[in-house]
Every structure is written in C-alpha cells, then in structure tokens.
Amino acid sequence: MIDLQCEVPAFHLLDRGFQVFPLSPNSKVPLKDTHGYLSATSEHEQLFDWIVGEPKMNLGLRLDTSNLLVVDVDLHGDNNGRESLIKLSKQGMNMPSDTYIEASPNGGLHYFFKYQSKATRKVNVLPGIDILTDFVIVSPSEINGNQYKPIDQRTFDYVKPAPKWLIEMMKPKEKPIQVDFQLPKRKKYIGKLIDELMTGTETGNRNDWLTQMAGKLFWTGADPKAIYNLLTIANNNLAEPLNDKEVNVIFRSIMRQERQAVD
C-alpha cells in the first residue's frame, strides 16, 4: 500500500528514469480513468497527483521504457516454476540469484534484469514461468494485506543484465516452412536427381543405389568435391547409412571410371 507517508519508493523509481502507473488498491487493476501501463509516467507531479487522489493505490512499473525484463516465477499450484527452474539449471541455464528480486504476496518471485525490448508478455514459456517486458506490479504494493517485498532488502542497484540463455528465449521462434504445393511439371534432369538423392533407397540396395547416384552426379559435370559432399549427404539421409569407407570406395571407383573415359 502506498500513502503519503511511504511515497518515497515510488519516487525513487522515477529518479532512476523508470516509468510508473497507478493500480487500484488491493489489486492489479488500473486505477479508474487510467489506461494501465500506457498511462505510465516519469513525472513527479503526475505521480503525486495519483497518490493524493488514491493514497492506498498499488504501483505498476512499465518495463519496456525502463529497459527491464521480469521473469515471473509462480511457486505454487500445478504449474510450479520451481521445478522448471531446476530443469533449466540441469541444462546449464541458471537463474541469477544476485539480481534484484521481489517476493510476491502469493509466494512467487519476480526476477528483474536489464534488457531492451518492445513490450511483450510470454506466458507459461515453461510451466509456472512467465517472461514480461511490458509491465509488472512492484513493491510496496499489496494484495490482501501481503506486500510485494524486495529479497534481502535489495534495491534496483542490484539489477543485472539478462543472461544470454534468457535473451535467446525471448527471440521469436522460426516457424517450419510448410510445403503444401506442387511446382509445375517442368522438372529437369537436375531436379529429378535431387529428388532421387533425398528419397534414398532400401537398406539392401544401398551400394548399388549410391553407385548409380555417383555416376549420375559425375554425368552433370559438377566438381568432384561437390559430388562427394552430395553423395555423403545422400548416404546420411538413408535409414541405415553405409560407413565412410564404403562411400569412399564407391566414389573413387566412379571417379576412376570417369577419368578413364576422358582419357
């Protein structure tokens, strides 16, 4: 709860260049006649007016304009973020414990990091974990008599840069290309050959098939190094690839025949 007796934390945020906005008492709902984080301000006079109008208001922090990112970890219920943190740690992705952290009234944790990004909200990126760059409710706000509190009495001086693995999680994932159409029937020899190379063959026919592919590739006049690389790719694409020695024998055999034909 914020009142005229404890307004200092809110103004300290403005002094850091952060933007804040008002929330209704005992809730995360924007104060009447405001527009949530879009109403965020860095002006002391505006913040003072909000506090005078509603001394018990909660406080929201706009993250994108403050160059901050928050990892919201829910530590109770079916989606327990603690378990997700353990799994991340086993993969070498440890959540830094030396940054600024706030405990939420429901037993969760908010990890704050330095990060420049557009406002976005990635919900349940892992069970019990949200990543926020739009806004967050902050100390000394309270819900049902329980406050958002800094861990170990830390301040925003403790905020650390976002770890690289977390930044990677923020990047949009490439969607796989969906090939749901057929090209016109104008396929040339090279096109048919590429299809053959990628289609492969049955296990019992691997040697003969790879020999035929090598012959066809040499017939195109391609550079022998390129042919060898394509032959290796085709072999590795098989359900049970031949070993490297067998592939080399096939390649050298066909290359020898091609040289003799030229001579």
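Which residue does the side chain of R154 meet in a salt bridge? In this predicted model, in which local features need pLDDT of at least 70, side-chain atom pairs count only at pLDDT 80 or more, and totals for chains, interfaces and linings use all residues, the partner of R154 is D152, with an N to O distance of 3.4 Å. Residues are numbered from 1 along each chain as its sequence is written, and side-chain values use heavy atoms, with hydrogens and water left out.

A salt bridge is taken here as a side-chain nitrogen of Lys or Arg within 4 Å of a carboxyl oxygen of Asp or Glu, and by this rule five salt bridges are counted. Solvent exposure is described as buried under 20% relative accessible area, exposed over 50% and partly exposed in between, with a 1.4 Å probe and protein chains only.

K216 and E196 form another salt bridge, in which the closest N and O atoms are 3.0 Å apart. This pair links distant parts of the chain, since K216 lies in helix α6 (residues 206-219) and E196 in helix α5 (residues 189-199), 20 residues apart; helices are DSSP runs of H or I with at least four residues, numbered from the N terminus. K216 is partly exposed at 27% relative accessible area, and E196 is partly exposed at 30%.

Conventions:
Helices (H or I, at least four residues) and strands (E, at least two) are DSSP runs, numbered from the N terminus.
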